[in-house]
Amino acid sequence: MMLKELSVAAVLLLLCVLPLHGSALPAVSSYEFTAYRMQQYNLAQRSHGCRGAIVVAEAHSADEPVLNRRCVIMKVPDFTTEKYLRAQRQHAAAILILLPQNISSMPHETLKAFMLSESKALLRETLMPVYVVPEDEQLLYMYEEVKQAAATRTSSIFIRVLRSMITATAFQIIVSSNTPIKAITDNSIVTLEGVLPGGGEDVPTIVITAHYDSYGLAPWLSHGADSNGSGVIILLELARLFQKLYKSSRTRPPYNIIFSLTGGGKYNFLGTKRWLEENLDHAESSLLHDNVAFVLCLDTLASGDELYMHVSRPPKPETPMHSFIQCLEEVVSSRFSWVKTGLVHKKINLGESTVAWEHERYSLRRVPGFTLSHLDDPKSELRGSVLDTMSQVDFRKLKRNGIIIAEALARYMYNLSDKGSPKDVQVFKGQMDFQDSRMFSLMSFLTSVPRATQLLDKEPGHILLVNSLEHEFKRYLQQVHRHTFRQDKRDPDLTFYDQMDQPIMMYRVKPAAFDLFLGGCIAAYLGIVYYTIQNFGYLYTKLKAAVKSKHQ
């Protein structure tokens, strides 16, 4: 009987050990990839983003009940405010978010939920490192493994739990750095300016402006297609089309137009602030000193069937801004009746250190202005996300909004409403229309590299982008100037930090439970061997008797 029990024990031991050697592990045991750290900056004496970078932790799913000292792996649908805050409360070692290669295939509600959680996360400061990385085969394999392990561990079946702890593959995530994170205070912000001089002397000036930088959870993955590549593209198309009208004295309207592309828009519109200071406080002569009709700011215009006019104070009747808004509403009602327009009034809170829209920078200097956007809320999650890519742009709506703005400007500058022209008259058509291919090419170019402010004056590809925008200005505009504003290192308005892209090592290892189980198996095996040696005579007698009885 004793022999039979030992035989059964040996067989069970082999059955437990064999699956460990027969598991189908990937061919490579380690994998290196580049991940991008969450924003880290100081603005208006407030800290934002994550302050940590180093990670040495085991990868676990967000579904695990305990996340302490774990690197939490999430896909876009997993990243919610609730799970993010839970990871913080449980002192998770880090969060690693996997971005899909094809965002367009994801449900709209999933994208919106991620963007909302992303915007809330950026409002908080955290010591927990947060990284974002595009998906690939190896990372997806890791995600599925930790997801399956979490599902098994939450099961009530003891045997499945034990088997998962023993046979599953664990993943060690390591981000190491020999140097601490350093502040970067030598940032420069570039603003581009170009002019189309109007016909006549001392004519009013219209300013058309858009900020060209982008914002999102990770600077290296922030491409800003809608916010604000859309505003940049409409501005460049307006410059191209109105340049044709300004060529001839017969069609040149009695208005100067200043076109301005500003940097630092995602950081309290610092480029606009410095540009206004230079023109209003330091320049001996500037068109901004004279008669400014209004400032038109373009922001997030590549989606939706709404067009909102954001103002700091409602325009008074008979003012240029009021007349232009009337012209815009005439264009919409006559040709695009399905588009909803509205005036959104938001007072500037002088107690706040930041502004919500670019026109507020002008309003603070008593220059009348407003912002056009398909968003009604300046705090919308759509204004800064790593998911704001070219796949989210509706080019038909981008073109439509551009046409509305162009036709409204023409109606206003040529005074077509008072001259009795039909409301549906088209100034921009045929060769004077918005070009689909050009808009697509411009958007492809703008989203080819991330346009985060902290990268635009450091990386060669990003510097080339700003140079190319300047070249576009010189093609169509006069008096083109490039203003480079450098910060005071002793008292910077904006401070960024380095180590925003990090090499990460992922190692495939067995979990700690595996070592304990393997040790138990070895101890059991040695115990059986020791028992066999110590009782060899007894076992031999039993075995001999068993064989003899079988032959009889």
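Predicted model: local features only at pLDDT ≥ 70, side-chain atom pairs only at ≥ 80, totals over all residues.
In general, you describe a pair of aromatic rings by how far apart the centres are and by the angle of the planes. For Tyr 255 and Tyr 412, that comes to 5.3 Å centre to centre and 45 degrees between the planes, a tilted pair. The structure holds 18 aromatic pairs.

Buried means under 20% relative accessible area.

Now for the chain as a whole. It has 552 residues, and 51% of them count as buried. Its secondary structure comes to 15 helices and 20 strands. Take the contacts between residues at least 6 apart in sequence: 82% of these join residues at least 24 apart. The chain exposes about 26100 Å², with carbon and sulfur atoms supplying 54% of that area.

Next, the open spaces. As a general idea, rolling a probe the size of a water molecule over the atoms shows where empty space is left.

| Pocket | Volume | Nonpolar, polar and charged lining residues |
|---|---|---|
| Largest pocket | about 1000 Å³ | twelve, nine and nine |

The largest pocket, with its volume of about 1000 Å³, is lined by 30 residues, and the closest to its centre are Leu 123, Thr 354, Val 355, Pro 378 and Lys 379. Strand S2 (40–43), strand S3 (46–50) and helix H3 (108–123) are the elements that each give two or more residues to this lining. Which of them gives the most? That's H3, with four residues.

Most residues other than glycine have a negative phi, and most peptide bonds are trans. Arg 366 has a positive phi, near 60 degrees. This residue lies in the loop between helix H9 (359–363) and strand S17 (369–373). Is Arg 366 buried or exposed? Its relative accessibility is 77%, so it counts as exposed.

Gln 479 has a positive phi as well, about 50 degrees. Gln 479 belongs to strand S18 (residues 478–486) and is partly exposed, at 48% relative accessible area. There's also a cis peptide bond, from Ser 227 to Asn 228, with omega near 10 degrees. Asn 228 is in helix H6.

One last stop is Ile 103, in the loop between strand S6 (94–99) and H3. Its relative accessibility is 8%, so Ile 103 counts as buried. Leaving out residues up to four places away in sequence, Ile 103 touches Leu 111, Val 386, Leu 387, Thr 389, Ser 391 and Gln 392. Val 76 is 27 residues from Ile 103 in sequence, and their C-alpha atoms are 9.8 Å apart in space.

Conventions: Residues numbered from 1 in each chain as written. Heavy atoms only, no water. 1 Å grid on protein atoms, 1.4 Å probe; cavity = no way out; pocket = protein on both sides within 12 Å on 5 of 7 lines; lining within 4 Å. Points joined across faces, edges and corners; volume = space filled by probe spheres on them. Nonpolar A, V, L, I, M, F, W, Y, C, P; charged D, E, K, R; others polar. Buried < 20%, exposed > 50% of the residue type's maximum accessible area, 1.4 Å probe, protein only. Contact = heavy atoms within 4.5 Å. Areas by Shrake-Rupley, 256 points an atom, 1.4 Å probe, with all protein chains shown as cover. Phe/Tyr/Trp six-rings, centres within 6.5 Å; stacked < 30°, edge-to-face > 60°.
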